[in-house]
Amino acid sequence: MNPAPVRPRGWSRRTRRVVFRLAALVGAYGFWGLLAWGAVTVQTYTSTGVSSGTGHPPTVVTTGSTLEQVAPGAVRTILAGFAVALVLATGSVLWRVARRSERVGVTGLIVAGLVGVVSLLGMLTVGIFLAPFAALLTFLALPIAPTPVPTAAPTPGPLAGPVAPGWYGDPVTSSWRYWDGRSWTGHRAPMASPG
């Protein structure tokens, strides 16, 4: 009896991981936008008592201001730094996806560490809002799952009989290769989508 050719169904494990990374990148950009929106539009209110010095009870004055109005330089620096961090993390992820790299994104990991330090320094104020951003950047720097090594097509032998033509895992490379029933052909396909 001839074994059936191996045909993967649906997305491969690596493809699912890549799609998840790209979705996480979109989420990181959304998170950055939410931080920028909050810093520029959300009002924080402070109340202060003002005494007139004439024996009347003090007047309470409530003022509202955004974080950007209170510390414009710091807010702009943090948002610009995070924008640069996102661009570097995006480049790191896209480079590793295009190269089918299974390595840690060193640049992305350094950037995530710097964002983590910034969030720790501001832990009593805005750091608690920045820590999830650092965690998301760290996740994006982690290695993308390696493609499982394909199993070789069974070679024909006197006891096994001939092997049916079809797409099988190439024993030498991490791709699908067509077995014509007697030998390997030059036709190859990536593991994610055999043709």
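## Close-up views of a predicted model

**Figure 1. The elements of the fold.** The protein contains five helices and five strands, and the model shown here is a predicted one. Of the contacts between residues at least 6 apart in sequence, 52% join residues that are at least 24 apart.

**Figure 2. The surface and the buried residues.** The protein has 195 residues, and 30% of them are buried, where buried stands for under 20% relative accessible area. The accessible surface of the protein amounts to about 12100 Å², and carbon and sulfur atoms account for 69% of that surface.

**Figure 3. The largest pocket and its centre.** The largest pocket of this predicted model holds about 520 Å³ of space, and its lining is made up of 19 residues. Which of the lining residues lie nearest the centre of the pocket? They are Leu35, Ala39, Leu67, Val126 and Phe129.

**Figure 4. The helices that line the largest pocket.** Three helices, namely helix 1 (13-41), helix 3 (72-98) and helix 5 (127-141), each contribute at least two residues to the lining of the largest pocket.

Figure 5. When the residues that line the largest pocket are sorted by type, 16 are nonpolar and three are polar, while no charged residue is found in the lining.

Key
Residues numbered from 1 in each chain as written. Predicted model: local features only at pLDDT ≥ 70, side-chain atom pairs only at ≥ 80, totals over all residues. Heavy atoms only, no water. 1 Å grid on protein atoms, 1.4 Å probe; cavity = no way out; pocket = protein on both sides within 12 Å on 5 of 7 lines; lining within 4 Å. Points joined across faces, edges and corners; volume = space filled by probe spheres on them. Helix = DSSP H or I, 4+ residues; strand = E, 2+ residues; numbered from the N terminus. Nonpolar A, V, L, I, M, F, W, Y, C, P; charged D, E, K, R; others polar. Buried < 20%, exposed > 50% of the residue type's maximum accessible area, 1.4 Å probe, protein only. Contact = heavy atoms within 4.5 Å. Areas by Shrake-Rupley, 256 points an atom, 1.4 Å probe, with all protein chains shown as cover.
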